[in-house]
Each structure stands twice: as C-alpha cells, then as structure tokens.
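Take a walk through this structure, one site at a time. Keep the 3D view open as you read.

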There are 2 protein chains.
Amino acid sequence: MRKIIKERGSVYCDNSGWEILKEKANKLQPSKIFIITDKNTHEFCLPYLLKKIKFDSNPEILIISEGEIHKNIQTCTILWEQLSQKGADRKSLIINLGGGVITDLGGFVASTFMRGIEFINIPTSLLAMVDASVGGKNGVDLGILKNQIGVINNPLFVLIDIDFLRTLPKPHFTSGIAEMLKHGLIYSEDYWLKVKNFDERNQKEIETLIWESIKIKNEIVTNDPFENSLRKTLNYGHTLGHAIESHFLISTEKKTLLHGEAVAIGMILSTFLSHEILGFPHQKHRNITDTILQEFPKQTISEKDIEAIIKLLIFDKKNNNGKVMFVLLNDFGSYKIDCEVPNPLIYKAFDYYKNF
Amino acid sequence: MRKIIKERGSVYCDNSGWEILKEKANKLQPSKIFIITDKNTHEFCLPYLLKKIKFDSNPEILIISEGEIHKNIQTCTILWEQLSQKGADRKSLIINLGGGVITDLGGFVASTFMRGIEFINIPTSLLAMVDASVGGKNGVDLGILKNQIGVINNPLFVLIDIDFLRTLPKPHFTSGIAEMLKHGLIYSEDYWLKVKNFDERNQKEIETLIWESIKIKNEIVTNDPFENSLRKTLNYGHTLGHAIESHFLISTEKKTLLHGEAVAIGMILSTFLSHEILGFPHQKHRNITDTILQEFPKQTISEKDIEAIIKLLIFDKKNNNGKVMFVLLNDFGSYKIDCEVPNPLIYKAFDYYKNF
C-alpha cells in the first residue's frame, strides 16, 4: 500500500487516491470546486481526471498559461480575481492539476485567498510527483528570482497517479529524473544506482522508484520541517541550479532550461565543489558527472554567462548576512550545510563541467 | 502591567515594549532590519521610534504611499522587490510602523517573503491599536474587495505606545473609536458605556480603554482562533460596513470613508437588523444609533447607492454557498452568527438610518 498518512499533506500513490478524493470531497461539502490547470494539463490530463471521478456539481475549470515564466504574482492575481468573480468562498475547494508550476502557484493562491481555503494537489509531471508533492512549500517567482514569494502550507492531500506520465513529453520526464538522482546523492547510493540503471520502458519499476523518492523526501521534511539543517540537503545542486535556470530564462541568447536540466548542471558543479572542499571520493565524483551528462547533454556556458550566474547567487534564499551558503556532500548521503565557497572555485567548477 | 504574553503575537502596551524590542532584536540578531512606513508615519512616527531605540546597525526605511487605496498586491510587489534589492534574507526582520494598512500589508509581505520572515508590529493609529494588533490577520485588498488576499500569521510581538496617537488627525482618532464601540456592543454594555462617555482629553482614561479593547479582542481570538463562531462577532457591522467602504471608494461621486466611518454606519444598520430579527431591545437600539451618530455624522446614501452596496455583499468572506451571512445581536454581548437577512430588510435598515 503506497500511502503516507498525515494530519495534512497525506500522499496517496496507489488506486485508493481516487476513492479518497471522492470521500474527502463528499465530507468537505465544498460550496464549489475549482480545478486549476494550464493549457497542457487542460488538454491532456483533465479528461482523464473527469473520467476517474464524478463530482456532485460541475467543477469550475480555471486555465492559466503554461510554463515557469507565468509562475508569478500576476498569474495569482488573475486567479484570485476569477475565484472572486465565480463566487468562490471560504468553503470552496481548489484542485491543482498539473506540474510544479501549477501545484506551487495554485497552492499559494489557495493558501492566501480569503486567508486560506482548502486545496488538493494532483501532480501530473514526474518532477512534481517526486519533488513538489511533499513538504508544503508553495509560491511564485519574483521577477527572475525563483520561489521568492510563498508560504509553507500543506494541501489537504496529494493524489499521485502515474498514468498521467503517459502524457508527458520526454524532456519533461527526464527533468524529473534530475530530482530523483538528487535524492540518491543526498540520501543513499543504493537509490542512486537504482535510478541510474532503471529501464524507462518498465512501468512497474518507474512506479516503485517514484514511491521511493517520495518516501525519501517525506522522511527528510518530516525530520526537519523548518529547514534548519537536514531539509537544506534538498537544495543540493539548486543554489547554482536556480541561478543557471534564471540566467537562461532572461538571457535573450539562451534557450530556456527545464528545472531539471538546470539542476543537473548544478549537481555536477556541486559535486565538484564537494570533491574540492570536502573530499567527496574522486572516482564516484567522475561517475556521477558521467551519469548526469548521459541524461542531460552539455550546455554551452561562457565566461560572461558564469559572471551573470554568480551575480544571481546573492538572491538565494539560503543566504545569511549576504553570504552565499552551499549544501555540499562528503559522500552519498553525508552532507554539510552552510558551506562558503570562494568565487574562483565556482569558476573552476564551471571549467570542470566544460572540459569533462 | 499591560502585557499579554503568548508564544507569538504578545502585546506590550506599557513602557516595557521598547525594552522588549531592544532585547528581541538583540536576541534575533537579524541580518538586516527593515522598517515599513507610509509617508505620514515616516514624517510623524519614525523620528519618535528612532529616538526611543538605537539599533546596532542602521535600519533600511521603506516608504509606501498612504491610504487604503494602496493596500493591494501592487504595493506588496514593490516592497518584495525592494527587500530583494536591498539584500533582505531569511534572517531579516521587518518592523511595521503605521496604521492598519501598514500592519496588515507589512505583515503579509513579511509572511510571504521567502516563505515568511520575522516581523514586529508597531501600530500608530487608534484603529490599528485596538483592532489590527491582535489576532494575526494580515493581507491586502483585491480591487475593491477588502482583505481578500492574506494569511493568518502572528507577528513576533506587538508594541503599543499611545504617544503615537498625538500625531493622529482627529478623524482618524474617531475612526478608531468605532471599533471600540463595537467591542462594547459584542462583548459588554459596561465597556460600551465607558467608551460612550469617555473624555478625549483625559490621556490616562484613553490608555485604560485601549487596553480594555485589546483584552476583549484577545479573549475573543484566543477562544476561537479559526473563526468558527465567537470570532465572527468581530465582524459585527462589517458585512455592510465593508461594502459601504468599498462603494464609497470606487464611486466617483462619493468621498472616501475611513474604515471606522463605514463601520459606524454598518453598526447602526446591523443593530436595526438585530432589533428586527432577534428583538434587540428597542430603547437600547435607539440609544446606540444616537451615540454613533454623535461621533459619526450622517452620510447621504441614495437608493442607487444601496443597490450597489447590496451587490458588493456577495463578496463577503463569511458567505457560504452564495448566501450572505450576518452576525447579529440579541442584546449587548449576546450574539447569533450566520443570520440570513432578506434584501427588503436591508433597504428598511437604510431607511431607518436615513430618517433617524
């Protein structure tokens, strides 16, 4: 049985999810149900959802533009206004159907509308299933700064149905793999090897691995809900990854990277830094780079790009008194938080990435 | 000793407040302190604050435009961006110095910046002292809809220094009296009489009454933090009051009302409805109308205005399944929540107000 039961934020990753959704929706007796989708999930995922569950009255469907670039306060305002106009009240229920942009943004919209109404997350991308589904973080970007505005508030529960993955374009599937690889790096070499070697055509194996990733993340956030120490490891590769993602998003000369693509680079760089600063074992380090590059082909990053990326680091949420703080690893599953890294070493890390 | 000590949201209403502020700021060791003000409190209240307390390093002063019309998500965005640009991080501290607009909006900005940073409220208006200081509600308006977006999150603590009231223009002082009168209506006839008869020139008496209002509100929100029942009484007069405030704000033919001025009308109307529906005693009802009208001169409200105001009622946060829910009173301190009121009776209430 694949469920994690908590007071809030329970996760159902087996067939019972749809039953629970029906049961909870009945018990809540929401005055109205709103389903937030983007153009893609509206087309590819909503029909499946509506086949799986019949609601007592027709839910209102809200559609936002897809993509990270719309994960901002303007989109929230559009949704807040639509909720108002369509008669949402404190007893309304929001169902977020989509990838991380939808669950992050929809969770924030629900958590702040009339000071918080009930919501359920149904992640439809691999990334959202293994990453955004647990931990209660939600929010939006501020300009190019990722997740700068938000709150921590768990959904009523999370429903995971891997049938949604059938509709996911290949690069988006791969993007999710990056976070699963991260779970291996920060938590267990054993799990790393499983993710590294799994067969994408084997549906059963994917299910098992997704569930294992969710359990790893859940254990981490349960042990450190307020991100004092352990939970910071989930940011492994993200300090540089976010800055790279932001830079590629705003630079007119770059194509936009998917979150996982940026984090993949961030993990290669962070493992280099881990090797240099904490003595992460050399051979493992090279194997990791190799594995990641097989899934995520190398991106061109110039000196000018690196300069811009380093500038963006000062906006990282983990910073303290103006200093950029990295999470680094001694080895698989063994971490050190609040590592300061001198800029020349960051340049060296990019060199390593370029020349590997 | 005038303090209410809680895990979060303690209130200090005596000289100890400034000592506590110093102590907490020292203990927190914030990476940076930001003081949010509006143009008025920047001019009239900030110098007093900076005389009262010396910070280890200079705080950054942020200034927003004053008035309810700027209590919106655009102002939040300006502040979020300024915080980012000026190097705020998760260890920064925000001090909100101002009336209800500043404490509501600043509290929301702090609660959502990087998923929540620490903040302290220093209310400088009578309204903010007796109303916004307790209960943890914060947020902003959505278009004309009051407090539609927000969260519930208590400040680290609240510092009340009634010396700030010296800088308050008379109408703003009177506006605060409306909420104190409300505390009398919903909680105790005894307190009502005290507020009704108090001498504005008697500083000591004002202090005592403010503290009594804070204690009443604190008792209510402590007994019902999630607004299931008792806390709804704090909305007495506000269902219609908010709609009237919004209507006067958007109508080009009307002058903008202060919150207390709108709530004063709302209380007269609600007490009429209480009399009609729950048999609120006739003579007390007329005395209440009389008392409120002495402080808050009658406003002209046409048939067309009433129509518009009733339309706005559907956006009230207490609504349930599309029905407008009123809190009404059987007598002083005796309430009934979730009262449905037919529209013709609302018209009759306005008639009563007009012709009294």
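Leaving aside its neighbours within four places in sequence, which residues is A:Lys217 in contact with? They are A:Val130, A:Asp131, A:Val134, A:His183 and A:Leu234. Keep in mind that this is a predicted model.

A:Lys217 sits in helix H9 of chain A. Its relative accessibility is 8%, so A:Lys217 counts as buried. The side chain of A:Lys217 reaches the backbone oxygen of A:Asp131, at 2.5 Å. A:His183 is another of its contacts. In sequence, A:Lys217 and A:His183 are 34 residues apart. In space, their C-alpha atoms are 7.5 Å apart.

Now follow chain A past helix H9 (203-223) into the loop that runs to helix H10 (238-250). A:Glu227 lies in this loop. Its phi is near 55 degrees, a positive value in a residue other than glycine. Is A:Glu227 buried or exposed? A:Glu227 has a relative accessible area of 8%, under the 20% cut-off, and therefore is buried.

A second residue of chain A also has a positive phi without being glycine: A:Gln29, near 45 degrees. A:Gln29 is placed in a loop too, between helix H1 (16-28) and strand S3 (33-38) of chain A. Its surroundings are another matter. A:Gln29 has 63% relative accessibility, over the 50% cut-off, so this residue counts as exposed.

Turn to the cysteines. How many disulfides are there over all chains? The count comes to 0. B:Cys13 is in no disulfide, and the nearest cysteine sulfur, in B:Cys45, is 16 Å away. B:Cys13 is buried, at 4% relative accessible area. For B:Cys76, the closest cysteine sulfur belongs to the other chain, in A:Cys76. The distance is 12 Å, which means it is too far for a bond. B:Cys76 is buried as well, with a relative accessible area of 0%.

Finally, look at the two chains together. The same surface serves both copies, with 100% of the contact residues of chain A recurring in chain B.

Technical notes: Residues numbered from 1 in each chain as written. Chains lettered and ligands numbered in written order. Predicted model: local features only at pLDDT ≥ 70, side-chain atom pairs only at ≥ 80, totals over all residues. Heavy atoms only, no water. Contact = heavy atoms within 4.5 Å. Helix = DSSP H or I, 4+ residues; strand = E, 2+ residues; numbered from the N terminus. Buried < 20%, exposed > 50% of the residue type's maximum accessible area, 1.4 Å probe, protein only. Disulfide = S-S within 2.5 Å. Polar contact = N/O pair within 3.5 Å; in protein donor to acceptor, adjacent residues only side chain to side chain.
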